[in-house]
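Dear colleague,

Please find below the structure that I am handing over to you, together with its sequence. A summary of the findings follows it.

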Amino acid sequence: MVEQREPPRAADALAPWSGGDGGDEPDPRRWRIFAVSLVVGFMALLDVTIVNVAIPSIQEGLDTSTGTVQWVVSGYALSFGLVLVTGGRLGDAYGRRLLLLVGLGLFVVTSAAVGLAPNVELVILARLLQGAAAGLLTPQNSGLIQELFSGRERGRAFGIFGLTVSVSAALGPVLGGLIIALFGEEDGWRWIFLVNVPIGLAALVAVLRLVPHTRPRESGEARPRLDPLGSVLLGAAVLLLLYPVVRAESGNYLWLLALPLVPVLVAVFVGWEHRVVRRGGAPLLDVTLLRRTPGFANGIAVGTLYFTGFTGLVLVLSIHLQTEMGLAPLTTGLLLTGFALGSAVSAPLAGRVVTTVGRQLSVAALVTVVGAVVAMAVLVPGREGGALWALLPPLLFVGGLGGGAVISPNFTLTLDQVPPRMGGAAGGALQTGQRIGSAVGSALGVTAYTVALGLWGSEAGLRTAFLVSAALVALALVAAVVALRDERAGREA
């Protein structure tokens, strides 16, 4: 049977990576373009975790409470998650170059605003806007990969992108601790944000020079259409999920009563998107991808649950090592580098073999992560000095080996059969799940740690956080096993 290809749409015409002539030859500059986008993505993702070790410094520098300062961390994640799918859809419609330039310009300005803000209120406002800028930037990475690469090259590219995601998350505390050590406890936190300015300006120049213009619309070609109501509905659902979780981190649990509204809004969003598709419109996210695209829904579940499990653990370790053990931010960051090193080893390798091995790789990687976290729960609590250094970094390295082989293959397998016209929005949906997982995981981890700490002491608090993390990553393992079963069933069909 001859495959029927759908007619080109306006959004498809905006990605001329073969030179704009409709040919199939890949753009010879694709790896340089990709490298620029990785620098941009690294900055945006790094700012999720780099402030974890800076909370005491920000509190001292601004003379404010821990609960208020927590918004500097959580506010970024909140607005980041809100904008991701819309940012991806804008990139699909208007081109990656434009969204990279707009998002990067806003990111530079807001980074400077955070670093120079005279009070905590302006810091939080600027961080919210900075998170929105990151939400515009990050989905362009997966969208570019969809447009620039195919076959094994796409797997390699997603492997490198997965490495960027893993390393940026794990390297944040190290770089944050180093910057605070260089510039001092009181004002060192400001430089965590100000260093984004020169790097961002250099990246802007690189985007202008390397990322090509989208070709102009031909006469009579329709303007790209957007879905504003879909954006509002999805944004409201994400907000009602993330905001109560963020408030719960600072002990305000009343907002959790709003969580039952989330599935209602999701159902309304799905119904509206189906209606848009039936009427021949351009949906924010083509929800038929969840049913018709093999591995897409399960891939989102794997990514969300994995980030829920591991993000909270890294945050709890940052808090425990500083507040309970009295370690400096730089020492804390160095103790946590094992995960980044492990990810750096496994992510590129996993990206190269994922198209051959498939979901078996994700399953094996998640088994490794669960094993490493359980080992930490048994061996690390109560250790100090040399014993801590002998145990925690190697176990985090093993966890990083698993983590790097989870993230990059999951990107490849989840987005492999998504059409490029929805590449940005689909990538945004996948990363929205990751940001939701990070926010929920941070809240669960800190809550479990704090409750157990108050009841049984710091050793029990840390062990409880480890076990909660292991249970959540185990749920990701279950989702990966289901995806593997579906993959095998699809091959046999």
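A polar contact is taken here as a pair of N or O atoms within 3.5 Å; within protein, one atom must be able to donate a hydrogen and the other to accept it, and residues adjacent in sequence count only if both atoms are side-chain atoms. Please note that this is a predicted model, in which local features need pLDDT of at least 70 and side-chain atom pairs count only at pLDDT 80 or more, while totals for chains, interfaces and linings use all residues. Residues are numbered from 1 along each chain as its sequence is written, and side-chain values use heavy atoms, with hydrogens and water left out.

I begin with Asp92. The side chains of Asp92 and Arg96 are joined by a polar contact of 2.6 Å. The side chain of Asp92 also reaches the backbone nitrogen of Ala425, at 3.0 Å. Asp92 lies in helix H3 (residues 66-94); helices (H or I, at least four residues) are DSSP runs, numbered from the N terminus. With a relative accessibility of 3%, Asp92 counts as buried, a term that means under 20% relative accessible area with a 1.4 Å probe, protein chains only. Asp92 and Gly423 are 331 residues apart in sequence, yet their C-alpha atoms are 7.0 Å apart in space.

Helix H6 (residues 139-148) is largely enclosed by the rest of the structure, because 10 of its 10 residues are buried. Among them are Pro139, Asn141, Glu147 and Leu148.

Two helix pairs complete the summary. Axes are lines fitted to C-alpha atoms, for helices over the stretch in contact, and angles run from 0 to 180 degrees between N-to-C directions. Helix H16 (residues 359-379) packs on H17 at an angle of about 155°, with the axes 8 Å apart. H16 is therefore roughly antiparallel to H17, a description used for angles over 145 degrees. By class, their contact has 17 nonpolar, 7 polar and 1 charged residues; Ala, Val, Leu, Ile, Met, Phe, Trp, Tyr, Cys and Pro count as nonpolar, Asp, Glu, Lys and Arg as charged, and the others, Gly among them, as polar.

In contact (heavy atoms within 4.5 Å), Asn410, Phe411, Thr414 and Leu415 of H17 meet Ala426, Gly427, Leu430, Gln431 and Gln434 of H18. This contact has 4 nonpolar, 5 polar and no charged residues.

Yours sincerely

Note on methods. Helices (H or I, at least four residues) and strands (E, at least two) are DSSP runs, numbered from the N terminus. Buried means under 20% relative accessible area, exposed over 50%, partly exposed in between (1.4 Å probe, protein chains only). Angles under 35 degrees count as roughly parallel, over 145 as roughly antiparallel, 65 to 115 as roughly perpendicular and the rest as oblique.
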